[in-house]
Amino acid sequence: MDSEQISVLESEFFALSSKFDTLATRLFTGKIDVPTFERSLISELKGATIRAYVVGANGTPTAKHYGSSGLHLRQKYADLHRLTEKISQGALSEAQIRDRLSRHARSIQTAAARSEKITMALAGFDIAKRTLDPQAKHCKSCLRLVTDGFEPISKVTPRGVNCECGSHCRCLVVYKKSGNPLNPLGLADEILRLDRENSLSDDKLLAKIESLLGAKKRRIRRSDKGFGTV
Ligand SMILES: [Zn+2]
Ligand SMILES: [Zn+2]
């Protein structure tokens, strides 16, 4: 990702954080209830996530990017629902809620990293190397996700995906062409297939979210496939 893409993502992050903060304030002052709060979080996060995917796709997302964004958003909806459930139970302080919302806003960086991986695969970059940032603290998953030099791209996890540090992950991923070109479309499909296998398919939880969203149910389903409207 170049410096322009990084700065666009930073502005998206700040804009999203501030929207989340405003929503939190509306919740704490009783202006909105928890279900409205959750729906609004989803809608804001969705817009920002799609823009992050477009950034990772260098401005031209393909069907593969849409597929990946749908998967990513499903996981995020489940994460946000877990958060709002805890809020309903009164299990979190205002400071804790604001802190978690900021982490959720950071997830757009993970979205962009996922998108970048698809972009690279489609451009024929078939191998990648993942290393630790020597300045950063690492979680257990990140230590495990380091590659032994360059490996097939499908085996390399993008920064922030499936690790405890999540969007704070600072691991480095470098993409390269092996010189033995593979079919880029097939490679992108393979990445999506593995992503789907590795994603926690929490169907019960998603069913709950859908029933909570009630009338929005069908639209949420459609949005899982990509860029519908919530
Ligand atoms: Zn980590
Ligand atoms: Zn990391």
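Entry one, the whole chain. I began with burial: 35% of the 230 residues in the protein chain count as buried. I keep in mind that this is a predicted model. I then looked at contacts with a separation of 6 or more, and 78% of these join residues 24 or more positions apart.

Entry two, the elements. I found eight helices and three strands in the protein chain. Read from the N terminus, their order is α-α-α-α-β-α-β-β-α-α-α.

I took residues 3-28, a helix of 26 residues. From first C-alpha to last, helix 1 reaches 37 Å, close to the 38 Å expected at 1.5 Å a residue. Which of its residues are buried? I noted Leu 9, Glu 12, Leu 16, Phe 20 and Leu 27. A reminder to myself: an α-helix has 3.6 residues a turn, so residues three or four places apart point the same way. Next I checked what covers the buried residues of helix 1, and the cover includes helix 2 (34-56) and helix 4 (94-122). Just after helix 1, I came across Gly 30 with a positive phi of about 75°.

I traced an open sheet of three strands in the order 2-1-3, with antiparallel pairing. Strand 2 (151-152) and strand 3 (172-176) are at the edges with a single partner strand each, so one side of each has no neighbour in the sheet. Strand 1 (residues 127-131) pairs with strand 3 in the antiparallel sense, and I noted five bridges there. Where does Ala 128 find its bridge partner in strand 3? I located that partner at Tyr 175.

Key:
Residues are numbered from 1 along each chain as its sequence is written. Chains are lettered from A and ligands numbered from 1 in the order in which they are written. This is a predicted model: local features need pLDDT of at least 70, side-chain atom pairs count only at pLDDT 80 or more; totals for chains, interfaces and linings use all residues. Helices (H or I, at least four residues) and strands (E, at least two) are DSSP runs, numbered from the N terminus. The expected span of a helix is 1.5 Å times one less than its number of residues. A residue is buried if 20 or more other C-beta atoms lie within 10 Å of its own, exposed if 12 or fewer, and partly exposed in between; C-beta atoms are placed from the backbone. Two residues are in contact if their C-beta atoms, placed from the backbone, lie within 7 Å. Two strands pair if DSSP finds at least two bridges between them.
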